[in-house]
Amino acid sequence: MTDTTESRSDATRARLLEAAIAAFAEKGFNGTTTRDIAAAAGVSPAAVYVHHKSKEELLYLISRSGHDETLELIQKAAASSDDPATALRAVVRDFAVHHARGHTSARIVNYELNSLSPEHRIEIRGIRHQIEQTIRDLVERGIHTGAFDTPDARIAATALLSLGIDISRWYRDEGDWSPEDIATAYADMALRIVGAG
């Protein structure tokens with residue numbers, strides 16, 4: 001295969017992924033057909049199967065990419081400061097901005113999990129567990145150093161994650177708040193959730 005053919009193939013795969021994101025966001029995974037995706041990408045329905053095994057594989061690729069990106073973002077922010085309050089502020093701020101700016105794909109990543117195959121669902125749940133554990137470890141670090149005063153690190157971590165995840169459900173670009181406005185407010189709320197001094 002020549003470089004030109006490979007680059008055309010890569011471009012088609014990328015177009016199909018973008019079309020799948022738009023279609024899944026508009027109609028949901030179950031309401032979207034491969035014809036919908038192909039039409040939005042400007043290719044024939046058969047071309048979907050040339051580049052991807054199935055509609056579910058497209059969902060998996062979107063989900064895997066979104067979760068990998070989120071895990072990297074969370075781990076980097078959690079390690080950004082030795083002070084648990086400063087690190088938590090960075091985590092929540094970055095997580096909120098990420099979910100607001102990428103609200104369309106984040107909605108698919110967070111709300112179409114049950115449409116994944118059992119094998120893919122297990123894999124994605126493993127990444128989600130790492131994300132949750134990173135937050136919980138940060139909250140526990142804050143409790144141990146006396147920076148946070150909360151009775152249950154697991155519940156606090158779940159509440160913190162829910163704040164960010166839910167942004168993708170309601171955020172719209174034309175709304176009153178910028179991603180940064182939300183991030184600042186959520187970072188302040190996060191410190192109250194964990195009982196920061």
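In this predicted model, H4 and H5 pass each other in a right-handed crossing, where right-handed means that the near helix is turned clockwise from the far one by less than a right angle, and left-handed that it is turned anticlockwise. Their contact (heavy atoms within 4.5 Å) is made by Gly66, Glu69, Thr70, Leu73, Ile74, Ala77 and Ala78 of H4 and by Ala87, Ala90, Val91, Asp94, Phe95 and His98 of H5. By class, eight of these residues are nonpolar, three polar and two charged; Ala, Val, Leu, Ile, Met, Phe, Trp, Tyr, Cys and Pro count as nonpolar, Asp, Glu, Lys and Arg as charged, and the others, Gly among them, as polar. The axes of H4 and H5 come within 8 Å and cross at roughly 155°, which makes H4 roughly antiparallel to H5, a term used for angles over 145 degrees. Axes here are lines fitted to C-alpha atoms, for helices over the stretch in contact, with angles from 0 to 180 degrees between N-to-C directions.

H6, by comparison, passes H8 in a left-handed crossing, and its contact joins His103, Ala106, Arg107, Asn110 and Tyr111 to Ile165, Asp166, Ser168 and Arg169 of H8.

| Helix pair | Axes come within | Crossing angle |
|---|---|---|
| H4 and H5 | 8 Å | roughly 155° |
| H6 and H8 | 8 Å | roughly 115° |

The largest pocket has a volume of about 350 Å³. Of its 23 lining residues, Gly66, His67, Thr70, His98 and Val109 are the closest to its centre. A pocket is an open set of points on a 1 Å grid over the protein atoms alone, where a 1.4 Å probe fits, with protein on both sides within 12 Å along at least five of seven lines, and lining residues have an atom within 4 Å of a point. Points are joined across faces, edges and corners, and the volume is the space filled by probe spheres set on them. H4 gives the most to this lining, with seven residues, and the lining divides into 10 nonpolar, nine polar and four charged residues.

Overall, the chain has nine helices and zero strands, which are DSSP runs (H or I, at least four residues; E, at least two) numbered from the N terminus.

Residues are numbered from 1 along each chain as its sequence is written, and side-chain values use heavy atoms, with hydrogens and water left out. Local features need pLDDT of at least 70 and side-chain atom pairs count only at pLDDT 80 or more, whereas totals for chains, interfaces and linings use all residues.

How values were computed:
Parallel < 35°, antiparallel > 145°, perpendicular 65-115°, else oblique.
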